[in-house]
Amino acid sequence: MTADRSVLQSNYPPGDLAIWIFILAELAVFAIFFAAYAFTRLQHVELFNEYQLTLDGEAALINTLALITSSYFVVRAVSAIKQDDRRRCVHWLLAALSMGLLFLIVKSIEYIHHYSEGINLSSNTFYMFYLSLTFFHFMHVIMGMVILAAIAVMAARGKYSRQEHTGIESGASYWHMVDLVWLILFPLVYLMR
């Protein structure tokens with residue numbers, strides 16, 4: 001019991017310190033983008049409201065559910081490795097990756113739809129922010145999936161255990177950051193009037 005407590009205490013915050021520095025830097029960048037969006041929106045409320053209605057809210061909701069579900073699967077993967085169940089850990093990571101892939105597919109369909117209508121970064125101020133913010137986040141989802149895939153491979157090869165699972169916690173922390181950013185981005189861009 002004492003050994004378990006010392007493991008828990010030494011692993012807080014979960015993961016490697018470097019990933020937390022990276023996550024805080026990423027959150028600071030997103031915060032600046034969100035502030036710029038909100039400030040510009042205040043100056044062009046009618047324009048933003050008009051073109052916000054052209055977005056696919058159902059697709060955004062599906063993506064929100066996909067990312068929340070993927071975060072739950074990642075939590076289960078971390079829990080599994082803490083119980084030394086590498087097989088179950090890998091399965092949960094693969095499940096999380098499938099939700100990430102669903103997000104990318106749905107978002108790509110949205111981008112293709114906009115592109116087919118001639119919408120691009122220079123269409124207007126709203127689309128400039130919408131496309132920039134969501135594509136920046138899109139790239140982070142891809143990066144998060146690369147990280148999850150890498151730790152899934154390493155977990156399958158037995159690189160992690162109940163005693164040493166810092167890599168999985170670091171990857172999980174990054175993935176939760178990607179999820180958190182979307183949970184702010186979704187209402188900010190799709191819902192806020």
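Which residues does UniProt list for "transmembrane region"? I looked this up before opening the model. The unreviewed entry gives residues 17-39, 59-78, 90-109, 129-153 and 174-192. I note that the model I compared with these spans is predicted.

**Entry 1, overall fold.** I counted the secondary structure elements of the protein chain and found seven helices and zero strands. Read from the N terminus on, the order is α-α-α-α-α-α-α. I then took the extent along the principal axes, and the C-alpha atoms fill a box of roughly 60 × 30 × 20 Å. For the surface I noted an accessible area of about 10,200 Å², with 68% of that area belonging to carbon and sulfur atoms. Of the 193 residues in the protein chain, buried residues make up 42%. I also looked at the contacts with a sequence separation of 6 or more: residues 24 or more positions apart account for 81% of them.

I checked residues 59-78, a span that the UniProt record lists under "transmembrane region". Residues 59-78 are 100% helix and 0% strand in the model, and their end C-alpha atoms lie 29 Å apart. I did likewise for residues 174-192, also listed in that record. Here the chain is 95% helix and 0% strand, with 26 Å between the end C-alpha atoms.

I placed valine 106 in helix H5, which covers residues 86-116. Is valine 106 buried or exposed? I put valine 106 down as buried because its relative accessibility is 13%, and the cut-off for buried is under 20%. Leaving out residues up to four places away in sequence, I listed its contacts as Ala59, Ile62 and Asn63. I also took the C-alpha separation between valine 106 and alanine 66, which are 40 residues apart along the chain, and got 9.9 Å.

Threonine 40 sits in helix H2, residues 17-43. I class threonine 40 as buried, since its relative accessibility is 14%. Which residues does threonine 40 touch, not counting those up to four places away in sequence? I found Phe48, Thr125 and Phe129.

I went to the loop between helix H4 (57-82) and H5, where aspartate 84 is placed. Aspartate 84 has a positive phi of about 65°, although it is not a glycine. I flagged this because most residues other than glycine have a negative phi. The relative accessible area of aspartate 84 is 38%, so I recorded this residue as partly exposed.

Which residues make the nonpolar surface patch of about 350 Å²? I wrote down Phe135, Met139, Ile142 and Val146. One of these, methionine 139, I located in helix H6, residues 125-156.

Definitions and conventions: Residues numbered from 1 in each chain as written. Predicted model: local features only at pLDDT ≥ 70, side-chain atom pairs only at ≥ 80, totals over all residues. Heavy atoms only, no water. UniProt positions renumbered as here; feature names shortened; annotations may be inferred. Helix = DSSP H or I, 4+ residues; strand = E, 2+ residues; numbered from the N terminus. Patch = residues over 30% accessible without salt bridge, like charges linked within 9 Å, V, L, I, M, F, W, Y side chains within 5 Å. Areas by Shrake-Rupley, 256 points an atom, 1.4 Å probe, with all protein chains shown as cover. Salt bridge = Lys/Arg side-chain N within 4 Å of Asp/Glu carboxyl O. Buried < 20%, exposed > 50% of the residue type's maximum accessible area, 1.4 Å probe, protein only. Contact = heavy atoms within 4.5 Å.
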